[in-house]
Amino acid sequence: MLKHARFSLFYLIISIITSSCTSEKNSTKDHLVFKYNEHKNIGSLDPAFSKDLADIWATHQLFNGLVQMDDELKVKPCIASNWTVTDSATTYTFNLRNDVYFHKHRLFGIDSTRMVTASDFEYSFKRLTDKKLASPGSWVLQKVKEFSAINESTFQIKLKQPFPAFLGLLTMKYCSVVPKEIVDHYGTDFRSNPIGTGPFKFKRWEENLKLVFRKNEIYFEADEKGKNLPYLEAVAITFLPDKQSEFLQFVQGNIDFVSGLDASYKDEILTAEGKLRSRYSNDVKMIRGPYLNTEYLAFFMDPKLSVLKSIKIRRAINMGFDRNKMMTYLRNGVGIPAYGGFIPKGLPGYNNSVGYKYNPELAKQLVAEFKTETGIVNPEITLTTTSNYLSFCEFIQREIEKIGIRVNVDVIPASSLKDAKANGQLNFFRASWVADYPDAENYLSLYYSKNFAPGGPNYTHFSSPVFDALYESAYLQTNTDKREYLYTKMDSLVMATAPIVPLFYDEVVRFTRKNVNGLGINPTNLLELKAVSKTP
């Protein structure tokens with residue numbers, strides 16, 4: 001039945017391809033509108049609630065913050081033209097631009113807009129920390145002692161302690177500036193009546209059907225040649241609920257890009273080696289790059305199961321399967337086999353030499369030594385996962401059994417796995433970690449002993465006084481190169497004990513129409529449209 005469905009999809013796609021070449025030419029202004037589909041829907045256009053990627057993509061077009069991140073994860077000015085860091089890296093003073101205006105709205109009075117001031121940031125940050133609002137982004141300011149508008153163009157933040165990753169946190173959409181008078185007027189309905197400063201402004205939202213943004217004619221940023229951004233006139237977002245329908249719309253030319261590689265179309269568009277199939281080469285281009293997401297298996301380091309207390313068994317599992325083969329068979333080559341540590345490729349601190357290479361013979365030797373030392377002739381473990389990652393776990397199950405360890409795979413709902421791993425109820429489980437902010441400290445926090453779950457993200461209960469000392473010293477290190485060295489050293493310490501089995505570092509994969517220009521790619525998978533254009 002599945003095979004028949006794939007053939008049906010294939011022939012449907014081929015028939016669409018033959019008729020889709022003219023679809024984009026039906027509208028003379030089509031090249032001024034960027035169209036994409038959001039299959040996960042959008043919950044809110046209020047940046048204080050921009051938790052999910054779908055919401056972040058939308059609010060990023062509408063709002064700005066003090067600073068922004070470029071595609072190389074470097075923090076750049078945005079509404080703040082520059083800043084200084086003083087008082088042993090605890091005081092950040094931002095000088096604001098004087099040409100940033102809110103989107104036009106009648107509530108601003110006769111001019112229909114007004115300039116952004118430091119008081120707007122003071123209000124926006126107070127709102128973010130307001131317990132009544134209950135923003136999921138309030139944690140971003142946990143290390144902040146106080147903040148205030150020094151004058152109309154100067155905003156200052158004081159930290160409780162040095163935190164080198166703080167500027168990266170400020171690039172998150174939670175920290176966007178919003179106008180008090182508009183928020184006060186709409187209250188909770190600000191979610192569907194957003195007013196910001198971004199390159200696009202809100203036009204219309206038919207929930208579950210369509211969302212439209214229009215060009216912000218008074219946007220403050222320009223390109224390298226001095227031309228005002230954005231280039232596009234509009235952004236149109238649809239909400240088809242499944243990825244297969246989204247892909248068909250892309251093939252027809254009804255949307256301009258597709259993000260990610262879904263099982264419903266991955267074999268249709270890509271070869272097993274991850275190359276674009278020839279039938280799409282004339283109309284489609286693929287861009288890919290590192291994504292700040294580490295997929296891994298984790299051991300609970302205080303297990304009831306004696307087998308997993310053995311470092312030899314944990315190391316054997318790390319060496320006992322071929323990550324290259326796994327990525328070719330299960331992901332069409334998309335994703336980077338994880339031969340490094342927990343820090344993913346794309347972040348300073350990543351080092352390909354700190355992890356484990358495929359070595360089945362050494363893995364068998366370690367298992368044999370374990371059997372001799374313990375008298376456990378048939379070691380057996382259970383790997384808990386969700387249905388989405390069953391294929392990966394079954395691949396690993398087959399490979400690990402070849403080195404002498406029997407693996408049972410237990411499939412449970414995602415919500416159950418989340419609760420069980422937080423409460424130490426699973427000895428061996430699949431997990432992933434997507435960066436909250438682009439700094440390796442965010443990854444290494446999972447191995448700090450004071451972050452034991454359920455109170456923190458240390459799900460493995462890994463504990464090392466040496467690691468903790470390095471982790472705490474990294475907070476005080478403002479030199480980027482020295483901090484990177486500390487990150488690599490910490491990652492190496494973790495992998496030596498093997499509380500985890502890194503599987504792969506994810507990649508951002510985007511398929512666009514050939515007439516889309518300027519759509520880049522970045523390790524946070526942020527959708528940046530202000531410099532995108534389309535040729536007719």
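**Rings and a buried asparagine: a chat**

Colleague: Where does the charged end of Lys-421 sit?

Modeller: Happy to start there: in this predicted model, the charged end of Lys-421 sits over the ring of Tyr-459, 4.5 Å from its centre.

Colleague: What makes that count as a charge over a ring?

Modeller: The cut-off asks for a distance within 6 Å of the ring centre and an angle within 35 degrees of the ring normal. Lys-421 is listed as sitting over Tyr-459, at 4.5 Å. Arg-430 likewise lies over the face of Tyr-389, at 3.6 Å from the ring centre.

Colleague: Why is the pair of Phe-467 and Tyr-471 called stacked?

Modeller: Planes under 30 degrees apart count as stacked. The planes of Phe-467 and Tyr-471 are at 15 degrees, with ring centres 6.2 Å apart, so the pair is stacked. Both residues lie in helix α14, four residues apart, about one turn of the helix. They also belong to one aromatic cluster, whose members include Trp-139 and Phe-342.

Colleague: How do you know whether Phe-467 is buried or exposed?

Modeller: Buried means under 20% relative accessible area. Phe-467 has 0% relative accessibility, so Phe-467 counts as buried. Tyr-471, at 5%, counts as buried too.

Colleague: And why is Asn-522 called buried?

Modeller: Its relative accessibility is 6%, and therefore Asn-522 counts as buried. Asn-522 is in the loop between β18 and β19.

Colleague: What does the side chain of Asn-522 reach?

Modeller: The backbone nitrogen of Asn-525, at 3.0 Å. A polar contact of 2.9 Å also joins the side chains of Asn-522 and Thr-524.

Notes
Residues numbered from 1 in each chain as written. Predicted model: local features only at pLDDT ≥ 70, side-chain atom pairs only at ≥ 80, totals over all residues. Heavy atoms only, no water. Helix = DSSP H or I, 4+ residues; strand = E, 2+ residues; numbered from the N terminus. Buried < 20%, exposed > 50% of the residue type's maximum accessible area, 1.4 Å probe, protein only. Polar contact = N/O pair within 3.5 Å; in protein donor to acceptor, adjacent residues only side chain to side chain. Phe/Tyr/Trp six-rings, centres within 6.5 Å; stacked < 30°, edge-to-face > 60°.
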